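Welcome, and thanks for taking a look at this chain with me.

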Amino acid sequence: YSESYKVDESVADGYEAINAHLQEIEDGYYEKYIGELYEVEDASQCDIHVAKAIEDYIEIYVTDVCVLSDAYIAVKYEIFSYSGGAHGSYSSKQYLFDLVTGELVTIEDLYEGTEEEFREFIAQKTMDDYSVNYTKYYDSYSGGQGLYDNAYAAAGYNDVDLEFYEDKVVLVYQEYEMGPYAAGQIRIDMTYQELFGRDSL
């Protein structure tokens, strides 16, 4: 199952560019989670793929859309999948677009410091929050300097997952990225002041 989202021209001047980006994103999800999984090279593979299709499932939802500071639109996708084993898998990703140009907005576009400063901030924020809210996982999953190093390594402009809302920014670590499966998706709230030195996006 998969959902699609399109922006209406009444919402954004750059709606055509935004919709083109969203189509690329949705095509990418299909290819990653569905297309390659069920590619059949010849008829001898049909029975295998039918059996696998019955066992597996992938669900892709559009779960949140919000306009921020009258300048951006954020679209969030959530993906649930199961392909055997003890449990399924969950991930999410928010994409931010400029309402006027329709271009995808990156952290590099928004953050005024260096990438090194950004990495250090994210790593320290992760350390501080993790030690308060995830103490039962702390020692067993690279606590202390190991936790800082893991967060630092995952905090490149092209690697980090941030979600933007009217009143906060949320740093998101997917399953297993910064803790065991039992920890789930680790979400760390921060203010716009903390991250960008201003009150809003």
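F80 is partly exposed, with a relative accessible area of 30%. Keep in mind that this is a predicted model. Y61 is partly exposed as well, at a relative accessible area of 26%. Both values fall between the 20% limit for buried and the 50% limit for exposed, so Y61 at 26% and F80 at 30% belong in the class in between.

How many aromatic pairs does the count come to? There are 11 aromatic pairs.

Two charged side chains are placed over rings. K93 lies over the face of Y95, at 6.0 Å from the ring centre, and R119 lies over the face of Y152, at 5.4 Å from the ring centre.

## The chain as a whole

Stepping back, the protein chain has seven helices and six strands. Starting at the N terminus, the elements follow the order α-α-β-β-β-α-α-α-α-β-β-β-α. Of the 201 residues in the protein chain, 42% are buried. Among contacts with a separation of 6 or more, 55% are between residues 24 or more positions apart.

Now for the turns. The hairpin of strand 1 and strand 2 has three residues between the strands. S69 is found in that loop, and its phi is near 55°, a positive value in a residue other than glycine. With a relative accessibility of 33%, S69 counts as partly exposed. The hairpin of strand 2 and strand 3 has six residues between the strands, and G84 in the turn has a positive phi of about 100°.

Which order do the strands take in the open sheet of three strands? The order is 4-5-6, with antiparallel pairing. Strand 4 (161-164) and strand 6 (186-190) stand at the edges with a single partner strand each, so one side of each has no neighbour in the sheet. On average, neighbouring strands of this sheet are turned by 25° against each other, direction ignored.

Strand 4 and strand 5 (residues 169-173) run antiparallel and are joined by four bridges. D161 stands opposite V172 in strand 5. Further along, Y176 has its place in the loop between strand 5 and strand 6. Phi of Y176 is near 70°, a positive value in a residue other than glycine, and Y176 is partly exposed, with a relative accessible area of 45%.

In soluble globular proteins, nonpolar side chains tend to be buried together. Here the largest nonpolar core has 35 residues, and those with the most contacts inside it are L96, F118, L162, F164, Y173 and L201. Helix 4 (residues 115-133) gives the largest share of this core, five residues. Apart from this core lies another one of 17 residues, including I25, I58, I60 and F97.

What is L162 in contact with, leaving aside its neighbours within four places in sequence? The partners of L162 are Q94, I107, F118, V169, V170, L171 and L195. One of these, F118, is also listed with L162 for having the most contacts inside the largest core.

How values were computed
Residues are numbered from 1 along each chain as its sequence is written. This is a predicted model: local features need pLDDT of at least 70, side-chain atom pairs count only at pLDDT 80 or more; totals for chains, interfaces and linings use all residues. Side-chain values use heavy atoms; hydrogens and water are left out. A nonpolar core is a set of buried Ala, Val, Leu, Ile, Met, Phe, Trp, Tyr and Cys residues joined through side-chain atoms within 4.5 Å. Buried means under 20% relative accessible area, exposed over 50%, partly exposed in between (1.4 Å probe, protein chains only). Helices (H or I, at least four residues) and strands (E, at least two) are DSSP runs, numbered from the N terminus. Contact means heavy atoms within 4.5 Å. Rings of Phe, Tyr and Trp (its six-membered ring) pair if their centres lie within 6.5 Å; planes under 30 degrees apart count as stacked, over 60 as edge-to-face and the rest as tilted. A charge sits over a ring if NZ of Lys or CZ of Arg is within 6 Å of the ring centre and within 35 degrees of the ring normal. Two strands pair if DSSP finds at least two bridges between them. Axes are lines fitted to C-alpha atoms, for helices over the stretch in contact, and angles run from 0 to 180 degrees between N-to-C directions.
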